[in-house]
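Let's take a walk through this structure, pair by pair and contact by contact. Have the viewer open as you read.

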Amino acid sequence: MSLVLVTGGVRSGKSRFAEELAEQAGKRVLYVATGQAWDEEMKQRIERHKERRPCQWGSVEVGARLCDYESVASDYGVVLIDCLSTWVSNRLMSVEEAQWRSQEHTEALLQELKAWLALVSRSPQKVIAVTSEVGLGGVAMNRLGRWFADVLGDVNQQSARQADAVYAVMAGIPWRIKG
C-alpha cells in the first residue's frame, strides 16, 4: 500500500500533477471521479479532464460511497482519486439545509472516510488522492462554508497522517512536504 496525497488551492494544478504521478508509475491507472456534473459548465470541465488523460486509463465514477471503486480496482496498479474535496462537498450537500452541520451527517461522512482509509491501507495499489487545501482560503465563511472547511480540514488531516507522501501544489509547482 502506498497513499500519496496531493493538495493545493483551486486551479493550482494539483489534478494535473497527480495525473503525471500516476502516469510515471508505469502501471495501469484507474481514474476515480468522485462527483457528478451538476451543470453544463461542470460537464465541460469533466470532459476536458477526460481528454487529457491517456485513453488506456480505466475510469469509474463513485457517488456517495468513496469505496465504490474497490470492485474494479484489482485490474490496476494505480488508483487516482480526483478529488476528496468534491466528494466532501457532494456528501455535505446531499442533505437539506436544516441538516447542515448535523453531527449525525458529519459523522457518517467521516465513517466513510475511515472505511476508505482502511481500504487504502490493505490495497495492493498505489493510491493517489487529490484534495483542495481549505487552509489557503477561497471558501466562503458562511454557515455552509465553515462546515465544509471544518469537515474537509479533518478529511485532509486524517488522509495526510496515513499518507506515505504529501505534495502541496501552488501555481503548478509541487512541493513534497512529507515522505
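A salt bridge here is a side-chain nitrogen of Lys or Arg within 4 Å of a carboxyl oxygen of Asp or Glu. Helices (H or I, at least four residues) and strands (E, at least two) are DSSP runs, numbered from the N terminus.

A word on what you're looking at: this is a predicted model, where local features need pLDDT of at least 70, side-chain atom pairs count only at pLDDT 80 or more, and totals for chains, interfaces and linings use all residues. Residues are numbered from 1 along each chain as its sequence is written, and side-chain values use heavy atoms, with hydrogens and water left out.

How open are the two partners? Glu 70 counts as partly exposed, at 40% relative accessibility, while Arg 122 is exposed, with a relative accessible area of 56%. For these words, buried means under 20% relative accessible area, exposed means over 50%, and partly exposed is in between (1.4 Å probe, protein chains only).

In total, the structure holds 5 salt bridges. Take the one between the side chains of Glu 19 and Arg 52, at 2.7 Å from N to O. Glu 19 sits in helix 1 (residues 14–24) and Arg 52 in helix 2 (residues 40–52), so this pair ties together parts that are 33 residues apart in sequence. Glu 19 is buried, at a relative accessible area of 6%, whereas Arg 52 is partly exposed at 30%.

Next, look at Arg 65 and Asp 68, whose side chains meet in a salt bridge at 3.2 Å, N to O. Arg 65 is partly exposed at 42% relative accessibility, and Asp 68 is partly exposed too, at 38%. What about Glu 70 again? Its 40% relative accessibility puts Glu 70 in the partly exposed class. Beyond that pair, salt bridges that share partners join Arg 65, Asp 68 and Glu 112 into one network.

Now find Val 169, which is in strand 6 (residues 165–170). Val 169 is buried, with a relative accessible area of 0%. Leaving aside residues up to four places away in sequence, Val 169 touches a list of residues including Val 6, Gly 9, Lys 14, Phe 17 and Pro 174. Contact means heavy atoms within 4.5 Å.

With residues up to four places away not counted, Asn 90 touches Thr 34, Gly 35, Gln 36 and Trp 38. Asn 90 and Gly 35 are 55 residues apart in sequence, yet 6.7 Å apart in space, C-alpha to C-alpha.

**Out on the surface**

Finally, turn to Leu 136, Met 170, Ile 173, Trp 175 and Ile 177, which make a nonpolar surface patch of about 510 Å². Patches are made of residues with over 30% relative accessible area and no salt bridge; like charges are joined within 9 Å, nonpolar side chains (Val, Leu, Ile, Met, Phe, Trp, Tyr) within 5 Å. Strand 7 (residues 173–178) gives the largest share of the nonpolar patch, 3 residues. Ile 173 is found in strand 7 and is partly exposed, with a relative accessible area of 45%.

Conventions: Accessible areas come from the Shrake-Rupley method with a 1.4 Å probe; for residues, only the protein chains shown count as cover.
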